[in-house]
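Below is a walk through a predicted model.

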Amino acid sequence: MASPSSLPLAAPPDVDAGIARRRVLDLVFQAVALLVLLAVLAALAALVYSILHDGLGRLSWAFLTSYTSRRASQSGVFPALAGSVFIIMLTAAIALPVGVAAAIYLEEYGTRSRIARLIELNIANLAAVPSIIYGLLGLGLFVRVLGFGGSILAGASTLALLVLPVVILSTREALRTVPMSLREGSYALGATKWQTIWYQVLPVALPGILTGLILALSRAIGETAPLITIGALTYVPFLPDSVWSPFTVLPIQIFNWVSRPQVEFAQNAAAAIIVLLVLLLTMNATAIWLRDRFQKRRSS
Amino acid sequence: MKRFEFLIERVLFLCALVSVATTVGIVAVLLFETVEFFAEVPIVEFLTGTEWTPLFANPKFGVWPLVLGTLLVSGIAMTVALPLGLLSAVYLSEYAPPPMRRVLKPVLEVLAGVPTVVYGYFALLFVTPLLQSLMPSLAGFNALSPGIVMGIMILPLVSSLAEDAMQSVPNGLREGAYALGATRMQTALTVVVPAAFSGITAAFILAVSRAVGETMIVAIAAGQQPRATIDPRVPIETMTAYIVQVSMGDTPAGTLEYRTIFAVGMLLFVGTFGLNLASTWVRERYREVY
């Protein structure tokens with residue numbers, strides 16, 4: 001057995017060189033990865049820049065309050081904006097009760113049953129189905145079989161089915177954060193299961209549920225393909241006045257304008273994109289504000 | 001009171017069943033119209049034909065040009081999204097200091113939240129002119145530009161799912177590698193990535209599925225000319241863009257032309273559904289348990 005003193009004091013030169021090489025490689029790798037991330041951020045910046053550059057000049061009060069016109073300079077997004085707001089509210093009115101009810105069932109009632117497991121699996125798969133397929137479902141089911149036509153109701157029903165998986169998943173998350181002790185306290189006072197859920201669990205979970213709903217709706221408001229498929233119009237010279245009226249929405253108006261060769265219409269499209277993005281940002285900011293309030297109240 | 005409680009539970013259960021009904025509805029609607037379609041067009045012609053001209057006077061129903069167009073654009077998108085997404089994920093998971101991660105992750109999520117019609121605008125009016133200045137032979141509508149933009153759109157999905165997979169690799173494995181003298185790069189590439197392999201693969205497959213089903217970018221920037229080519233410089237048409245093209249026109253229900261979109265939709269649904277199942281299966285089957 002060799003004594004410690006007989007060990008070489010310094011590593012052979014090739015080992016040192018190996019370590020140095022590996023350190024350099026590590027640094028190069030880190031630099032490349034960081035550059036990639038910066039390139040992605042640059043792409044985001046280019047996207048925002050090109051839209052602001054093209055569209056900011058067209059944005060005006062008249063643009064927001066005018067109907068579409070054959071002349072680009074006189075066109076506005078009023079019917080599309082109204083259509084988007086109307087359809088999102090109706091989508092929320094359908095998706096919220098159904099989604100929350102489904103989540104309550106899965107989380108509070110049927111957690112261990114076989115069918116609940118099947119429903120869960122199904123929801124996970126639905127979440128990954130392309131949105132245009134929902135459009136074909138809407139076309140076959142709501143527009144043709146149920147006879148809704150290309151109406152706001154058909155559009156909102158289609159979008160509601162599209163966002164339902166997201167609403168269910170986020171509601172379940174919110175229900176799971178409600179502490180068990182709250183339910184047990186309620187039972188101890190003689191409340192039934194539904195009374196416990198309605199008076200104790202839901203009020204506590206509500207901000208979380210609403211946050212999830214708004215995030216789901218902010219996906220729906222940018223959806224174009226399913227609404228084109230169910231036959232939303234591209235030229236609407238009036239405001240929607242009931243759930244049965246034909247409609248258009250901002251993304252379809254953008255698609256219509258971007259498909260035209262004239263530069264003026266491209267600028268209109270960019271301006272409409274700014275309107276859409278502002279709407280989206282407002283919704284997301286509301287969701288974040290709700291979440292923060294929720295966290296503050298829970299921690300106090 | 002008891003009956004009321006029971007009634008409530010039934011109602012809740014019915015709402016939960018809506019999701020199952022959605023799946024059944026999708027399959028039923030697609031199947032119904034597809035069967036009608038194949039009563040008039042032989043399924044062999046549909047699946048093997050190389051000419052897609054359903055709107056012409058002498059219609060041909062070979063779906064290959066649409067499938068090839070879809071694969072071409074998705075292929076370009078994945079060429080962008082996979083390496084860049086994985087590198088971003090490695091950086092975020094293994095290198096970035098926590099404050100940096102807290103800033104970068106939400107910014108990447110912003111990219112994922114931009115409506116696809118906005119990406120379409122970006123592809124057609126920013127990226128295509130930019131590429132044309134480097135590559136004069138590029139047509140105004142082409143597969144390259146929407147492919148690249150789609151890659152940027154999908155990148156956050158790849159990076160976020162791959163990073164989640166890497167974060168779930170226990171620190172003991174990393175520390176073991178460091179103790180053996182490995183650098184961070186060696187640890188990341190030879191220990192963490194292989195350990196997170198199933199999660200990363202599942203993320204890749206899900207990203208392919210997303211690319212195949214993506215509609216508006218290609219409908220805006222790829223042109224609407226079904227063409228059996230792998231040349232990324234010329235206009236092509238994808239399956240999704242075809243459905244949009246027909247929907248934009250005024251196609252009466254019950255015509256053969258109307259049914260084509262359901263037949264194409266069926267193919268799209270089967271393809272993406274298969275990919276989604278594969279993604280789940282890979283994650284479950286090859287999951288490393290620590």
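The largest nonpolar core has 188 residues. Those with the most contacts inside this core are Val163(A), Ile254(A), Tyr121(B), Val158(B) and Ala207(B). Helix α3 of chain B, residues 64–95, gives the most to the core, with 18 residues. Val158(B) can be followed from here to its partners. Leaving aside neighbours within four places in sequence, Val158(B) is in contact with Ala81(B), Leu82(B), Gly85(B) and Leu86(B), and also with Ala203(B), Phe204(B) and Ala207(B).

Chain B as a whole gives the setting. Chain B has twelve helices and zero strands. Its C-alpha atoms fill a box of roughly 75 × 70 × 35 Å along the principal axes. Of the 290 residues in chain B, 50% are buried. Among the contacts in chain B with a separation of 6 or more, 72% are between residues 24 or more positions apart.

Helix α8 of chain B (residues 184–195) packs against two other helices described here, α3(B) and α7(B). With α3(B), the angle is about 115 degrees and the axes are 11 Å apart. Angles from 65 to 115 degrees count as roughly perpendicular, so α3(B) is roughly perpendicular to α8(B). The crossing of α3(B) past α8(B) is right-handed. On the α3(B) side the contact is made by Val90(B), Glu94(B) and Tyr95(B), and on the α8(B) side by Arg184(B), Ala188(B) and Val192(B). By class, this contact has four nonpolar, no polar and two charged residues.

The second pairing brings in helix α7 of chain B, residues 171–179, which packs with α8(B) at an angle of about 150 degrees, the axes being 10 Å apart. Angles over 145 degrees count as roughly antiparallel, so α7(B) is roughly antiparallel to α8(B). Here too the crossing is right-handed, as α7(B) passes α8(B). From α7(B), the residues Leu173(B), Arg174(B), Ala177(B) and Tyr178(B) meet Gln186(B), Thr187(B), Val191(B), Val192(B) and Ala195(B) of α8(B). The residues of this contact divide into six nonpolar, two polar and one charged.

Helix α11 of chain B covers residues 239–248. Seven of its ten residues are buried, so α11(B) is largely enclosed by the rest of the structure. The buried residues are Met239(B), Thr240(B), Ala241(B), Tyr242(B), Ile243(B), Val244(B) and Ser247(B). They pack against elements of both chains: α5 (131–145) and α9 (225–229) of chain A, together with α3, α9, α10 (216–221) and α12 (256–285) of chain B.

Two single residues can be set side by side. Ile205(B) lies in helix α9 of chain B, residues 197–213. A residue with 20 or more other C-beta atoms within 10 Å counts as buried; Ile205(B) has 20 and is therefore buried. Not counting residues up to four places away in sequence, Ile205(B) touches Leu275(B), Ala278(B), Ser279(B) and Val282(B). The C-alpha atoms of Ile205(B) and Thr280(B) are 9.3 Å apart, although these residues are separated by 75 residues along the chain. Leu47(B), in helix α2 of chain B (residues 43–48), is partly exposed, with 13 other C-beta atoms within 10 Å. The C-alpha atoms of Leu47(B) and Trp64(B), 17 residues apart along the chain, are separated by 6.9 Å.

The contact between the chains comes last. It takes 65 residues from chain B and 64 residues from chain A. On the side of chain B that touches chain A, helix α1 (residues 2–40) gives the most, with 18 residues. By class, that side has 43 nonpolar, 18 polar and four charged residues.

One helix pair shows how the two chains meet. The axes of helix α4 of chain A (residues 114–126) and α1(B) come within 9 Å and cross at roughly 55 degrees, an angle that makes α4(A) oblique to α1(B). α4(A) passes α1(B) in a left-handed crossing. Ile119(A), Asn122(A), Ile123(A) and Leu126(A) of α4(A) make the contact with Ala16(B), Ser19(B), Val20(B), Thr22(B) and Thr23(B) of α1(B). These residues divide into five nonpolar, four polar and no charged.

Technical notes: Residues numbered from 1 in each chain as written. Chains lettered and ligands numbered in written order. Predicted model: local features only at pLDDT ≥ 70, side-chain atom pairs only at ≥ 80, totals over all residues. Contact = placed C-beta atoms within 7 Å. Helix = DSSP H or I, 4+ residues; strand = E, 2+ residues; numbered from the N terminus. Nonpolar A, V, L, I, M, F, W, Y, C, P; charged D, E, K, R; others polar. Buried ≥ 20, exposed ≤ 12 C-beta atoms within 10 Å, placed from the backbone. Core = buried A, V, L, I, M, F, W, Y, C linked by C-beta atoms within 7 Å. Axes fitted to C-alpha atoms, helices over the stretch in contact; angles between N-to-C directions. Parallel < 35°, antiparallel > 145°, perpendicular 65-115°, else oblique. Left-handed = near helix turned anticlockwise from the far one by under 90°.
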